[in-house]
Amino acid sequence: MNNNERLYKISEISDIAKVNKTKVWRYIRDNNISERSMKGNAKLYSEHTKDVIIKAFSSESVHLATETKADTSRILLEQIDVLKGELERKNDQLDKMQSLLDQQQQLNLSTNRQNEKLLDTTTNNTPSQDDSPSQSDDTDVLKPTDGNSKGVENETPKKGLFGWLRR
């Protein structure tokens, strides 16, 4: 071991590489990289090992960034296609609704015309026996009946939500 060679802990390498310590530890474990020496429980790695790890993470991050951009653009294009399809379906639905509304207005107009014709024909005809009110109908509301001949109303006690308070 060279005395003037600087040794690095995993935490120092992760700070330089700007990644999590766990990622550095996993990279070392997965690639079977051995430590140069130990200082207490901390494993120390050489300058060369540090450079290899940093290079691996920098090239990986560039590759991941490029891959992420490609994936993102692909996903966005797929979403645009889906939204275009939904927009076309909604436009079709709006067209159908508009035609149904037009049909409804035409039906209402023809029904109103038919009703006006029926009213015109019934008012122009002489009233038949079925159309005239019966002369012997005793349901005139202005005439007093047996129960209210004096014009006095029978008041019933008000019962409601707070009727129990009035006692």
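This is a predicted model: local features need pLDDT of at least 70, side-chain atom pairs count only at pLDDT 80 or more; totals for chains, interfaces and linings use all residues.
1. Overall fold. The protein chain has three helices and two strands. Along the sequence, these elements follow the pattern α-α-β-β-α.

2. Burial and surface. The protein chain has 167 residues, and 11% of them count as buried.

3. Contact range. Take the contacts between residues at least 6 apart in sequence. Of these, 60% join residues at least 24 apart.

4. Helix α1. This helix covers residues 10-17. Which of its residues are buried? They are Ile10, Ile13, Ser14 and Ala17. The four lie on the same side of α1, because they cover an arc of only 100° around the axis. Just after the helix comes Lys18, with a positive phi of about 60°.

5. Salt bridges in total. Side chains of opposite charge can pair when their charged atoms come close. How many salt bridges does a search of the whole structure find? The search finds six. The next points take up some of them.

6. Glu47 and Lys50. These side chains meet in a salt bridge, at 3.4 Å from N to O. Both residues sit in helix α3. They are three residues apart, so about one helical turn separates them. Is Lys50 buried or exposed? Lys50 counts as buried, because its relative accessibility is 9%, under the 20% cut-off. Glu47 has 29% relative accessibility and therefore counts as partly exposed.

7. Lys50 and Asp51. Lys50 also meets the side chain of Asp51 in a salt bridge, again with an N to O distance of 3.4 Å. Asp51 has a relative accessible area of 39%, so this residue is partly exposed.

8. Arg74 and Glu78. A further salt bridge joins Glu78 to Arg74. The closest N and O atoms are 3.3 Å apart. The two residues are four apart in helix α3, which means that about one helical turn lies between them. Arg74 is partly exposed, at 43% relative accessibility. Glu78 is partly exposed too, with a relative accessible area of 42%.

9. Lys50 has a salt bridge with Glu47 and another with Asp51.

10. Nonpolar surface patch. Leu161, Phe162 and Leu165 form a nonpolar patch on the surface. Together they have about 360 Å² of accessible area. Leu161 counts as exposed, because its relative accessibility of 69% is over the 50% cut-off.

Definitions and conventions:
Residues are numbered from 1 along each chain as its sequence is written. Side-chain values use heavy atoms; hydrogens and water are left out. Patches are made of residues with over 30% relative accessible area and no salt bridge: like charges are joined within 9 Å, nonpolar side chains (Val, Leu, Ile, Met, Phe, Trp, Tyr) within 5 Å. Accessible areas come from the Shrake-Rupley method with a 1.4 Å probe; for residues, only the protein chains shown count as cover. A salt bridge is a side-chain nitrogen of Lys or Arg within 4 Å of a carboxyl oxygen of Asp or Glu. Buried means under 20% relative accessible area, exposed over 50%, partly exposed in between (1.4 Å probe, protein chains only). Contact means heavy atoms within 4.5 Å. The arc is that of the directions from the helix axis to the C-beta atoms.
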